[in-house]
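Please go through this structure with the sequence at hand.

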Amino acid sequence: MNKNIDLIKSTVLTKFLSDEDILTNLESGKFKVTSYKKSSVVHFDGETCNKLEIILSGKVVVDRIGESGNLLTISEFYNDDILGGNLLFSKYPYYPMTVLTQLPTDILEIDREALFELFCNNPIFLRTYLELISEN
């Protein structure tokens with residue numbers, strides 16, 4: 001569990017959270033660390049986005065299959081990048097393309113309602129989140 005806390009605290013968005021807050025959220029299931037093997041599907045095209053995800057380690061790509069059947073990589077995401085930040089509170093919260101791992105990857109998942117609680121209770125967290133999604 002301490003390894004997960006250290007990984008979580010190493011990200012720009014969650015470094016302001018206390019160990020106790022992180023542990024409480026992990027134990028309650030509001031935070032979850034999921035490990036993926038290389039070439040795993042994280043999200044399918046059209047899947048609903050219901051949580052924020054922060055890449056703790058590894059590499060994730062957004063791929064699309066072209067008209068000729070070729071796989072095109074649209075975006076690449078690495079440690080400390082977020083997934084779903086631009087979709088989570090949207091009126092149309094669906095992934096527009098498939099999201100895959102290119103390396104073994106650990107991802108922190110933050111439940112939508114837990115994220116909103118963090119926004120309400122932690123202005124620094126909210127400001128950092130807004131900066132991150134504005135850059136993407």
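**Loops, sheet, helices and charged pairs**

D80 sits in the loop that runs between β5 (71–77) and β6. The model is predicted. D80 is not a glycine, yet its phi is positive, at about 80°. With a relative accessibility of 24%, D80 counts as partly exposed. S39, in the loop between β1 and β2 (41–43), is also not a glycine and has a positive phi of about 65°. S39 counts as exposed, at 56% relative accessibility. As background, most residues other than glycine have a negative phi.

The partner of β6 is β3 (residues 51–57), joined to it in the antiparallel sense over two bridges. In one of the pairings, I54 has I82 in β6 as its bridge partner.

Two packed helices are described by the angle and the distance between their axes. For α3 and helix α4 (residues 123–135), the axes come within 5 Å and cross at roughly 115°. The contact brings L115, L118, F119 and N121 of α3 to P123, F125, L126 and Y129 of α4. By class, this contact has seven nonpolar residues, one polar residue and no charged ones.

Some residues of these elements also belong to the largest nonpolar core, which has 35 residues. F31, L52, I110 and L115 touch the most other members of that core. Leaving out residues up to four places away in sequence, L52 touches L13, I82, L83, G84, G85, L88, L108, E109, I110, L115 and Y129. Among these contacts are L115 and Y129, which also take part in the meeting of α3 with α4.

What remains is the charged pairs. Side chains of opposite charge can pair when their charged atoms come close. The count here comes to five salt bridges. One of them joins the side chains of K30 and E117, at 3.4 Å from N to O. K30 lies in the loop between α2 (19–28) and β1, and E117 in helix α3, so the pair ties together parts that are 87 residues apart in sequence. Both ends count as partly exposed, K30 at 30% relative accessibility and E117 at 39%.

Another salt bridge is formed by E109 and K51, whose closest N and O atoms are 3.8 Å apart. This pair links strand β8, where E109 lies, to strand β3, where K51 lies, across 58 residues. E109 is buried, with a relative accessible area of 9%, whereas K51 is partly exposed at 21%. The C-alpha atom of K51 is also 8.5 Å from that of E113, 62 residues away along the chain. E113 is in helix α3 and is partly exposed, with a relative accessible area of 46%.

K59 and E76 form a further salt bridge, with 3.5 Å between the closest N and O atoms. K59 is in the loop between β3 and β4 (60–65) and E76 is in strand β5, so the pair ties together parts 17 residues apart in sequence. K59 is buried at 14% relative accessible area, while E76 is partly exposed at 39%.

Key: Residues numbered from 1 in each chain as written. Predicted model: local features only at pLDDT ≥ 70, side-chain atom pairs only at ≥ 80, totals over all residues. Heavy atoms only, no water. Pairing = 2+ DSSP bridges. Helix = DSSP H or I, 4+ residues; strand = E, 2+ residues; numbered from the N terminus. Axes fitted to C-alpha atoms, helices over the stretch in contact; angles between N-to-C directions. Contact = heavy atoms within 4.5 Å. Nonpolar A, V, L, I, M, F, W, Y, C, P; charged D, E, K, R; others polar. Buried < 20%, exposed > 50% of the residue type's maximum accessible area, 1.4 Å probe, protein only. Core = buried A, V, L, I, M, F, W, Y, C linked by side-chain atoms within 4.5 Å. Salt bridge = Lys/Arg side-chain N within 4 Å of Asp/Glu carboxyl O.
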